[in-house]
Amino acid sequence: MDEAKAVVHVVEDDDSVRTAVVRLLRTAGFQAQPYASAAEFLLVAGENAGGCMVLDVGLPGMSGIELHAALAKRRDCSVVFLTGRGDVQMSVRAMKDGAVDFLDKPVKRELLLDAVTRAVERDVANRERRGRATELRARYEQLTERERQVFRLVAEGRLNKQIADVVGASLRTVKSHRARVMEKMQATTAADLVRAADELNRLGLH
Amino acid sequence: MSIDEKVDARVCFAAVLQREPLAMPPSLSSHLADDLAPREAATPLRWPPVPAFVPALLVFAGYYAGACLGLALTTVMSPASVLWVPGAVLFGALLVAPPQRWAPLLAAAIAAHFAAAWQSGVPDAIVIGCLVSNLAQGLMGSLVVRRLSAGHPYSIGSLRCVVALIVGAVVAAVGSSLLNSAFVTAVEWKSAGRIWAGWPSRMFASTLASLAVVPVLTAWSAERAPWRSWDLPRRFEAVLLTLVLAGLGYGVVDPNALPQVPSALLYLPFPLLLWSAMRLGPAPTAASLAFVSLLAVWGAAHGMRPFAPGIGADSPLTLHLFLACTALSVLILGAVFAERQEAMVNLGRSQRRFARAFHANPNAVSMITSDGRVIDVNERWSRLFGHAPEHALGATVESLGLDVDPADPASIRSRLAGAAIEEHREMRVRDAAGRIRDVVMAMTPTRIDGELCSIVSFVDIGDRVEAEKALRASDQRFRFVLEATRDVVYDRDLATGSTWVSRNGLAQFGYAQGTNDGVDLRPLVHPDDWARVTTRFTAAVRVGSVTCETDYRLRRADGSYAHVHEQAFVVADGDGRARRVIGVVTDITEQHQREELARRLSQASRLTAMGELAASIAHEINQPVSAILTNVDAAEMLLQEAAPPLDELRDVLADIRSDDLRVTDIIRHVRALATKRVMHFEPFDVNTLIGSVLRLATPVAQRRGVRVETALAALPPVRGDRIHIQQVVLNLLLNGLDALDEMPEAERRLRIATAHDERDRVEIVVADSGRGVDASRREAIFESFHTTKKEGMGLGLSIARSVVQQHGGSIRVEDNAGGGALFRVTLRVSPDESR
């Protein structure tokens, strides 16, 4: 969350509209970056660019929807769609696919700024989550096999004695493992461990 | 024979049957000349074409000789001669000569008479008496004979003439003797008794002299060289006769020649004379007769038995009887025989004539009895029916199977039985092979040898029947076609105006079926189209076109109008004047409606396209409008800042303005697109139009360094809206100029060409030497708002295509040979002017 203001990538092929939108966002305090096409965005910003996006649907070559689909495969992105052709079907699908909003042109200032704000928030939240996930993963990596086993069992809610039985080690060993897991996973309570385990589960690591 | 010759032959045949004199067609004369040439008429006694005095001389000589002979004979026997030759000579001469020429002959006779009498010393009275009687004999005899044979050319071969001669001789003898006796009695009446007593013998002498001499004169005058027509046997016979007679003569004259032969040998000539009459003709016979008579008289005069006067020195009865018998029988038999001969010759000729006419007849002719028995057939008949003459003759119509249906009252058999007269009956007969033939039959009843039969002739009309069948078939085909096609066919005579119209065709317009004649299509033409239709037609006729196509509206029976297309053919006579018009009128209402529908459909599809266009227009306008709103929002926000950045605000305002202008631009072009283009269609010349466009565009091209080439072909007029097409062409030109902007100056070429490709298509081609159009974009460039240019709306080509399509044409882009784009606009030629 160090970036003072999240970047808003504005991808719009019509010059006038792009200029106007960027101007508005900047005036509103966002850091807006203009791109004339999806290709230009990918070339300049790259697939892993952070920040949220304001995407025009009707782009030459790869459309906004397609760009969103391509990016979403990698990670959650936070996108606001703009379109000159109101298409209910398209908008519903885009929303289902995780867009922040789907707006018609000409767009009212409040709607646009509101959507972009939410997009930025979502982006921040996404980033945070992504950070946390990375940390967790890093921590998990440091666990030994035995420790992972213990971690799993503790997350399941087993008592130490039960864990000892399962692992086939002494109670004292289990307790020492447990302490080390807590330490590596930077958990203070067992509940933290459970949460971490859930998180890891979700990430598909556990 | 050719058809002409056949006709000639028929004429000849008819003429022959009617015994008309013919003018012979040259081709037939070689076939038929011998039999049909008119027989030389019984030759009239021809007065030889010699100077007039020659006959007089002959008469003089003959009379003189005769007189001397008579006198010589008289002194021996009796005062009266046994043969009164001079009178007979005169008689013959006057008979031969036409009355006009008698004068010199009479004068010659008189002169000869006195010449002879002067020598003889006969008393004058007797001399004059003799003259009178001779003249009387000659005149009376010839007059009587002429009278009796009047109307018939005198010929010794005619019985009538022979009888006339006998009668004339008798009358002449009687008359002349009477006159003589009367005269002498009147002058020297003392010897009247004696003179009267010798009257019978004088009469006989005169008659017999006439009978002996006159035939000679008449025969030899008619046929002066009979031996010319004799064949070899006849000549031999003539020579034989001459020899025999000569021998006879010698025997008579020279008493020592035949001492032992009985004098009855003198009767020998009789059969010879008859034979001569049969074989040698009248002239030699007459001569022989005269010769024999002369011999007999000589013999009698010299005391030869049996003619020597026996009892009664004044009555040489035996001699006279002999002479009379001989002469009469020879003359009469000769005449009878000659007549019969001639009749046979004539019969033979006429038979041959008929047979030739019958058999050479170009028609098939047959003689058939009333009960169907065939008496005779000619060659043509045999060929037609296939029955050989020997097979047909004697057979019956039934046995030959000529009738297809004998029970039919119109069959040959039935007509024969009814002795009907047929002049021209078309019928069918069966030939020997069983084939049915079409013929025309003519039949005439007649009597042949007392039997009732008919002359039946046939003419083979198989060809004509075939031709008629073919004509009927083709006629039927024509009618089928007329009925099958729903086109109206008409045939109008331009001179009379009378029209034949196919009613089947008119029926589809609701008009009742009826007669085909007299209906005129012209009042049914729509009044608005009438002027155009007539003008076109008259122009076509005047120019001499063979065909003329027009579209117009035709009134249906219910009053509504149908769109029709007419194709008319003008038929001209030999001088090139239009005589007839034959036309086909096709109902194209359906087609017209379909075209209308297609047009409306294309319009509708244009509307769908318009729907899409509207969507894209909306989108296009949306962009600047959107930008304007966002810019205004941005400006508001900027104004809320403590120190509003004026420069940025100015930028915002500038952007707003340019966006607004952009919108008005779009709207203007959209108006251009959406305006229902009212097109005024009229014929115009494409080349002229291109010329006017070039006048506008060439300066622009020159300014931009583009070379413009033109290649305009001769074009028929095109039907369309001149102004719109002008815009299309201008658009293409300007596009071309734009495409060449990025090319090096040397390669800036723009070509405009026109062509008249097919019968009803005109092409305008605009080609540039630019970069060309990608194959993938060749359709897309005609869509709205498609442009690669920085300025411009990308509407020009879509508008161009819309305009061209409204003209029923097409526009497309191809590769220009040698690089660049080639735009091809195809337009339809004005239908009125096609051809």
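Predicted model: local features only at pLDDT ≥ 70, side-chain atom pairs only at ≥ 80, totals over all residues.
Let me begin inside chain B, with B:Leu732, which touches B:Val766, B:Leu797, B:Ile811, B:Phe823 and B:Val825 when residues up to four places away in sequence are not counted, a contact here being heavy atoms within 4.5 Å. Residues are numbered from 1 along each chain as its sequence is written, chains are lettered from A and ligands numbered from 1 in the order in which they are written, and side-chain values use heavy atoms, with hydrogens and water left out.

By nonpolar core I mean a set of buried Ala, Val, Leu, Ile, Met, Phe, Trp, Tyr and Cys residues joined through side-chain atoms within 4.5 Å, where buried is under 20% relative accessible area, exposed is over 50%, and partly exposed is in between, with a 1.4 Å probe and protein chains only. Helices (H or I, at least four residues) and strands (E, at least two) are DSSP runs, numbered from the N terminus.

Staying in chain B, B:Thr754 lies in strand β14 and counts as buried, at 5% relative accessibility. What does its side chain reach? A polar contact of 3.0 Å joins the side chains of B:Thr754 and B:Asn687, and the side chain of B:Thr754 also reaches the backbone nitrogen of B:Ala713 at 3.0 Å. A polar contact is a pair of N or O atoms within 3.5 Å; within protein, one must be able to donate a hydrogen and the other to accept it, and residues adjacent in sequence count only if both atoms are side-chain atoms. B:Ile781, in the loop between β15 and α25 of chain B, is likewise buried, with a relative accessible area of 7%, and its C-alpha is 9.8 Å from that of B:Arg812, although the two are 31 residues apart in sequence.

Now to chain A, whose secondary structure comes to nine helices and five strands, and of whose 206 residues 45% count as buried. Among contacts in chain A between residues at least 6 apart in sequence, 59% join residues at least 24 apart.

Next, the charged pairs. Over all chains the count comes to 44 salt bridges, each being a side-chain nitrogen of Lys or Arg within 4 Å of a carboxyl oxygen of Asp or Glu. In chain A, A:Lys105 forms one with A:Glu12, the closest N and O atoms being 3.0 Å apart. A:Lys105 lies in the loop between β5 (101-104) and α5, and A:Glu12 in the loop between β1 (7-11) and α1, so the pair ties together parts that are 93 residues apart in sequence. Are these two residues buried or exposed? A:Lys105 counts as buried at 5% relative accessibility, and A:Glu12 as buried at 2%.

In chain B, the side chains of B:Glu426 and B:Arg464 meet in a salt bridge of 3.1 Å, N to O. B:Glu426 lies in strand β3 (residues 422-430) and B:Arg464 in helix α18 (residues 462-484), so this pair ties together parts that are 38 residues apart in sequence. Here B:Glu426 is partly exposed at 46% relative accessibility, and B:Arg464 is partly exposed at 32%.

Finally, the interface. The contact takes 20 residues from chain A and 22 residues from chain B, and the two chains bury about 1800 Å² between them, 53% of it on carbon and sulfur atoms; buried area is the accessible area (1.4 Å probe) that two parts lose on being put together, summed over both. In chain A, A:Arg23, A:Thr27 and A:Arg109 lose the most area to chain B, together 35% of what that side buries. The rule finds three salt bridges across this interface, and B:Glu636 forms a salt bridge with A:Arg109, the closest N and O atoms being 3.4 Å apart.
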